[in-house]
Amino acid sequence: MISTFTYEALPVRVVFGRGTLSTLKAEAERLGIGRALVLATPQQEAEGRRIGGLLGGAFAGLFAGATMHTPAHVTERAVAELHATGADGVVAIGGGSTIGLGKALALRTGVKQICIPTTYAGSEMTPILGETKDGLKTTIRSLEVLPEVAIYDVDLTVTLPPTLCATSGINAIAHAVEALYARDRNPIVSLMAEEGIRNLASALPILVHEPLNLDARNRAFYGAWLCGCCLGAVGMALHHKLCHTLGGSFNLPHAETHTIVLPHAVAYNAEAAPEAMAAIKRALGASDAARGLFDLVRALGVPQALADIGMPADGIERAADIAVESPYWNPRPIVRDAIRDLIAHAYAGERPGAVASRAA
Ligand code: NAD
């Protein structure tokens, strides 16, 4: 039954398909960008130069210093470059790290942004920016950081290394999963979430073996767009908070942490969110949402235990303490001992339900 809800559409123009990069110059003109600073990571510097070539006379320069967690000192250097080149817009090509830098520049200078995502993280569809200064990460939600245009060119994702493809894809699925049980969930976002999970879950197992399969690439990127829309539209819960805590406390890699924790966060919330579980099961074609996600990750051949990505064993209790420190909404109340068990299962990489069924 459809109950009362509120839905607010975000004004991002989306260009999706193969070869859509060819629209970049026209999209910049449409936005009134006269000179654009191109942003990239050092690893994608060559891609950044290629983008510069496509902009022709509107190419103001390249800043290829984007890095994880949007550190303030990098943003300050990029702001200086923006002013030095006289740019009035930015074109960010890359994953969440590069797009985060573009958002940080928009926040400080008001420049317009065109994002060209090359991972499945989804930042280009959200008004969210996480920044770090002196080791502290702060997150803001503001329309000031929402990009004006996102150009999804499927061809740019064929170079994604298989591990990043898998973990970035599960990171996207996590946005959709939590959107399904968000406090402010609504019917249209739930439709996008289920469809996003369905597309990614069918494409990712193919892509880890056939990175050049363009049909699967297309579905994965489409799914990632839908999942990014979910993250931008409604609030997240336990899974995202926990990954934030674990990543920040133990310096764990972003997408890998999401990939390992997701099945366990879903198991924690399963009984409190039956409609969300039903949608996840439909999307995965699985009989159990948490185990279905765990098995999907297993099929992708990426790490399934926090122990394997650098979390120390004595971090379990500490993480549980931090995770319950500041209260936040979740479909199931946050109970310290149960959270501790969740983290312990994720640390060991156990299949959800395995302990209970062994004990039974
Ligand atoms: P990333 O942007 O850090 O990229 C990882 C590495 O892969 C980089 O070296 C990058 O250059 C490279 N890469 C990206 N695309 C490639 C491709 N197609 N081919 C080859 N190499 C490629 O990784 P990410 O997972 O996309 O982003 C993670 C960051 O984004 C985190 O800091 C996270 O907090 C943030 N994030 C923010 C939001 C938001 O809404 N604000 C949403 C999701 C993620």
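Analyst: The side chain of Q43 has an N or O atom 3.3 Å from an oxygen atom of the ligand. For T126, an N or O atom of the side chain is 2.6 Å from an oxygen atom of the ligand.

The ligand is surrounded by 23 residues, and the closest are T41, S97, T118, T119 and T126; a residue qualifies if one of its heavy atoms lies within 4 Å of the ligand.

A word on the basis: this is a predicted model, in which local features need pLDDT of at least 70 and side-chain atom pairs count only at pLDDT 80 or more, while totals for chains, interfaces and linings use all residues. Residues are numbered from 1 along each chain as its sequence is written, and side-chain values use heavy atoms, with hydrogens and water left out.

Now for the wider chain. An automatic or database domain assignment divides the protein chain into domain 1 (13-157) and domain 2 (170-359). Their centres, taken over C-alpha atoms, are 27 Å apart. Contact (heavy atoms within 4.5 Å) links 21 residues of domain 1 with 21 residues of domain 2. Together the two domains bury about 1,700 Å², with 67% of it on carbon and sulfur atoms; this is the accessible area (1.4 Å probe) lost on putting the parts together, summed over both.

Between domain 1 and domain 2 there are four residue pairs in polar contact, both residues at pLDDT 80 or more. On the side of domain 1 that touches domain 2, β1 (13-17), β7 (136-141) and β8 (149-153) each supply at least two residues, and β7 gives the most, with three. Strands are DSSP runs of E, at least two residues, and helices are runs of H or I, at least four, numbered from the N terminus.

Salt bridges (a side-chain nitrogen of Lys or Arg within 4 Å of a carboxyl oxygen of Asp or Glu) number 18, with zero between domain 1 and domain 2. One of them joins R18 to D155, the closest N and O atoms being 2.7 Å apart. R18 sits in the loop between β1 and α1 (24-31) and D155 in the loop between β8 and α5 (162-180), so the pair ties together parts 137 residues apart in sequence.

How values were computed: A polar contact is a pair of N or O atoms within 3.5 Å; within protein, one must be able to donate a hydrogen and the other to accept it, and residues adjacent in sequence count only if both atoms are side-chain atoms.
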